[in-house]
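Hi,

Here is the structure I promised to pass on. Have a look at it first, and then read my notes below.

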Amino acid sequence: MKEPRQIAVEIVEQVLWQQAYSNLTLNKAASALDSRERKLVTELVYGTVKYYLALAWLLNQFLSKPLEKMPHRLQAILLVGAYQIVKSERIPGPAAVHTSVELAKKNKFTGLAGLVNGVLRNLLRNQGNWSWPDRNQDLVGYLSVFYSYPRWLVQLWLKELGEEDTEKLLAAGNNIPPLTLRTNTLRLTRAELVERLQAAGTGVKELSWPPEGVELTDFDLLTRIPGFAEGWWLVQDQASMQVAHVVAPLPGMKVLDTCAAPGGKTTHLAQLMSDQGEIVACDIHPHKLKLIEDNCLRLGIKSIHTVLQDATALPSAWHNRFDRVLVDAPCSGLGVIRRRPEIRWQKAAADLKSLPELQKRILQAAAACVAPGGILVYSTCTINRQENQEVARWFGENFPEFQLLPWEGAPAGEIQLLPHRENSDGFFLARWRKEDK
Ligand SMILES: C[S@@+](CC[C@H](N)C(=O)[O-])C[C@H]1O[C@@H](n2cnc3c(N)ncnc32)[C@H](O)[C@@H]1O
């Protein structure tokens with residue numbers, strides 16, 4: 001059986017240099033660990049991946065050869081060690097140094113164990129005197145290194161949000177997000193869910209909004225929380241839970257969800273419709289349709305049927321047919337960085353370029369499917385004007401038969417939710433009504 005720090009180092013290596021997802025890789029490793037070990041590995045992986053740039057910057061101050069020139073496994077050992085010294089509040093510095101030296105030896109870097117020892121000891125000794133890029137000389141460099149984000153992303157947000165909001169957003173993206181569940185109100189009420197979770201020893205509290213939302217305050221492993229197989233709940237962020245309420249479908253309606261997998265919002269729509277009516281849930285990837293179907297089965301939903309469909313080319317037979325149409329578009333995901341810290345390293349500015357074109361094509365196809373007097377909602381989980389406000393503006397200019405339709409909290413008919421303001425994921429929503437001919 002491998003020890004937790006060894007597991008953490010291996011996962012960090014896979015996430016930083018082999019494009020692995022931290023949550024999936026962690027889940028796979030987690031089942032073999034006890035609760036204490038799992039918490040440690042989770043903290044080390046998320047913390048090290050998140051603070052990669054800041055930790056590399058600090059390590060490089062005490063290395064004669066750049067960190068980036070070392071083998072990935074050795075870099076991972078040094079980074080995990082540095083994370084424990086720089087950011088972890090519960091691991092004593094000397095223990096972090098000692099365990100990192102042992103890891104270097106176990107991973108066949110015996111000749112470099114002295115270097116690991118020296119660098120981490122130096123880092124520890126200089127606590128309180130670490131130097132960062134000069135904020136006055138190089139604001140982008142400072143924010144990028146201190147908060148550990150790529151330069152292009154800091155530049156993008158500085159341009160869009162200004163210095164104050166950008167700095168708050170960068171800090172919020174490093175916070176540990178709350179774990180929230182949506183009650184499956186087709187099976188039980190929120191009060192019943194809270195009662196049953198508490199009876200099983202899970203710490204839980206009701207969210208002030210939306211009415212189905214609860215936050216887990218104390219739990220061990222998600223899969224051990226009662227009610228998963230019984231379909232009592234689904235994991236969903238508070239911002240994401242807003243979307244179905246903005247779509248606001250009624251029982252008996254015809255609803256089209258153009259980009260529906262894995263089914264978080266589409267199953268929420270079914271709940272709000274008391275599972276009465278018809279929801280057509282499309283996705284372009286066949287394997288993802290299965291995720292929607294599995295969720296429907298677990299949650300006991302019958303009103304959703306899945307269709308393998310490219311949303312840029314929706315069938316003409318669907319034109320003017322749907323009372324509600326949701327476009328929860330493929331996007332850059334910059335609003336969910338606090339949940340998936342590797343997004344910041346695995347994406348590049350160039351990856352964002354083609355998205356607005358795709359989003360516009362989907363919106364255009366979706367607009368044709370809205371029945372007269374029906375409602376169209378556009379949402380993304382990103383913070384990037386080109387994919388959000390710009391796409392919404394383009395739509396408004398090119399589809400005059402649609403009028404922005406405000407809702408409580410969004411008097412302009414569109415809203416950008418920001419993690420540092422709402423303590424939720426970053427989300428964008430816009431809503432229009434099609435004229436009633
Ligand atoms: C943001 S996710 C949707 C999340 C989903 N609405 C939920 O709440 O669980 C975007 C989805 O769009 C799908 N997608 C990407 N391009 C598409 C296209 N051209 N047509 C239909 N679906 C597409 C992706 O496979 C992905 O599942």
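Let me start with what the record says: UniProt, in an unreviewed entry, lists residues 169-435 as "domain: SAM-dependent MTase RsmB/NOP-type". Keep in mind that this is a predicted model. In it, the span 169-435 is 30% helix and 25% strand, and its end C-alpha atoms sit 38 Å apart.

Now for the ligand. There are 18 residues around it, and the closest are Gly 264, Lys 265, Asp 283, Ala 311 and Asp 328. Sorted by class, that shell holds 8 nonpolar, 5 polar and 5 charged residues.

Which parts of Gly 263, Lys 265 and Asp 310 come up against the ligand's oxygen or nitrogen atoms? Here is what I found:

- Gly 263 uses its backbone: an N or O atom there is 3.1 Å from a ligand oxygen.
- Lys 265 uses its side chain, with a polar atom 2.8 Å from an oxygen atom of the ligand.
- Asp 310 also uses its side chain, where an N or O atom lies 3.0 Å from a nitrogen atom of the ligand.

As for cover, the ligand on its own has 600 Å² of accessible area, and the protein covers 87% of that.

Next, the annotated site. UniProt's unreviewed entry puts the feature "active site" at Cys 381. Where does Cys 381 lie? You'll find Cys 381 in the loop that runs between strand E9 (370-380) and helix H16 (389-398). Setting aside neighbours within four places in sequence, Cys 381 is in contact with another cysteine, Cys 331, and with Gly 333, Leu 334, Gly 335, Val 336, Gly 426 and Phe 427.

Gln 238 and Leu 326 are 88 residues apart along the chain, and 18 Å separates their C-alpha atoms.

Cheers

Terms used: Residues are numbered from 1 along each chain as its sequence is written. This is a predicted model: local features need pLDDT of at least 70, side-chain atom pairs count only at pLDDT 80 or more; totals for chains, interfaces and linings use all residues. Side-chain values use heavy atoms; hydrogens and water are left out. UniProt positions are given in the numbering used here, feature names are shortened, and annotations may be inferred rather than shown by experiment. Helices (H or I, at least four residues) and strands (E, at least two) are DSSP runs, numbered from the N terminus. Contact means heavy atoms within 4.5 Å. A residue is near a molecule or strand if one of its heavy atoms lies within 4 Å of it. A polar contact is a pair of N or O atoms within 3.5 Å; within protein, one must be able to donate a hydrogen and the other to accept it, and residues adjacent in sequence count only if both atoms are side-chain atoms. Accessible areas come from the Shrake-Rupley method with a 1.4 Å probe; for residues, only the protein chains shown count as cover. Ala, Val, Leu, Ile, Met, Phe, Trp, Tyr, Cys and Pro count as nonpolar, Asp, Glu, Lys and Arg as charged, and the others, Gly among them, as polar.
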